[in-house]
Amino acid sequence: MAFKTNIMSGKSYRKYRSVAAIFVGLILIAWLLSATKADKAPNQLQDAKKENGDSSSNSIDLAMVGDMLPHETVTNAAKTPDGYDYTKLISPELQNSFKKADIRFCNQEAVSAANIPVKGYPAFNAPVAFPRDINKFGCELISTANNHAADQGLAGIKGTRDAWDKLNPLAVSGMHRDLNEAEKLNILEKNGIKVGFTA
């Protein structure tokens, strides 16, 4: 049995590659143009509302940050003569930008129980200044659902939730003191839009 092989010559391959590159380029240009038009539409709607004196909004600006994890180096850098100040580790520009959002989400990746000594890796317990300061930074929708949630057992979970109770965030989800708290629905409203949050 004979097999016929059709191998593309180097010249043909280069020509094919050039045509393919042009085709991909045209697709990217078309996509960018359509994305630009889509981006302009909401802004034009908002501008029209402002001109008509309508200050209502049908959208929500959501800002999110990922793992906020107080390793020893972070906690040591936050030390002050009176305790801890984690806000000094966050640039003023970032703090100002973050606070402009309608809703601000953060993942606190460590427990912070007042009755447990401060500990670093591998089983964390941050000072209660940690939730206090990330709340000052603007964190108000708090996820505690992560691989360090049970680092200090139920005492760590209770202590962390107690710390957030004093700060009045929009919602905390991920670790809970009891079944009733776990089954509570976190629903908030912003700019006329209802938002549900679970972690």
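Me: What is a disulfide, as the word is used here?
Reply: A disulfide is a pair of cysteine sulfur atoms within 2.5 Å. The model discussed here is a predicted one.

Me: Why are Cys 106 and Cys 139 called a disulfide?
Reply: Their sulfur atoms lie 2.0 Å apart. The cut-off is within 2.5 Å, so the pair qualifies. The structure holds one disulfide.

Me: Which parts of the chain does this pair link?
Reply: Cys 106 belongs to strand E4 (residues 103–108), and Cys 139 to the loop between helix H4 (129–137) and strand E5 (141–143).

Me: What makes the disulfide of Cys 106 and Cys 139 left-handed or right-handed?
Reply: The torsion about the S-S bond decides this: at about -80 degrees, the disulfide is left-handed.

Me: How do you know whether Cys 106 and Cys 139 are buried or exposed?
Reply: Buried means under 20% relative accessible area. Cys 106 has 0% relative accessibility, so Cys 106 is buried. Cys 139 has a relative accessible area of 0%, and therefore is buried too.

Me: What does Cys 139 touch, leaving out residues up to four places away in sequence?
Reply: Contact means heavy atoms within 4.5 Å. By that test Cys 139 touches Met 68, Phe 98, Arg 104, Cys 106, Ile 134 and Trp 164.

Me: Which residues have the most contacts inside the largest nonpolar core?
Reply: They are Met 68, Phe 98, Phe 130, Ile 134, Phe 137 and Cys 139, in a core of 17 residues. Strand E1 (62–68) and H4 are the elements that give two or more residues to this core. H4 gives the most, with four residues. A second, separate core has six residues, including Ile 103, Phe 105, Leu 188 and Phe 197.

Me: Why is Thr 144 called buried?
Reply: Thr 144 has a relative accessible area of 0%. The limit is under 20%, so the word applies. Thr 144 is found in the loop between E5 and H5. Not counting residues up to four places away in sequence, its contacts include Asn 107, Gln 108, Val 172 and Met 175.

Me: What volume does the largest pocket have, and which residues are closest to its centre?
Reply: The volume is about 230 Å³. Of the 15 lining residues, Arg 161, Ala 171, Val 172, Lys 184 and Asn 186 are the closest to the centre. Helix H5 (153–165), strand E6 (171–173) and strand E7 (186–190) are the elements that give two or more residues to the lining. By class, the lining has seven nonpolar, three polar and five charged residues.

How values were computed
Residues numbered from 1 in each chain as written. Predicted model: local features only at pLDDT ≥ 70, side-chain atom pairs only at ≥ 80, totals over all residues. Heavy atoms only, no water. Buried < 20%, exposed > 50% of the residue type's maximum accessible area, 1.4 Å probe, protein only. Core = buried A, V, L, I, M, F, W, Y, C linked by side-chain atoms within 4.5 Å. 1 Å grid on protein atoms, 1.4 Å probe; cavity = no way out; pocket = protein on both sides within 12 Å on 5 of 7 lines; lining within 4 Å. Points joined across faces, edges and corners; volume = space filled by probe spheres on them. Nonpolar A, V, L, I, M, F, W, Y, C, P; charged D, E, K, R; others polar.
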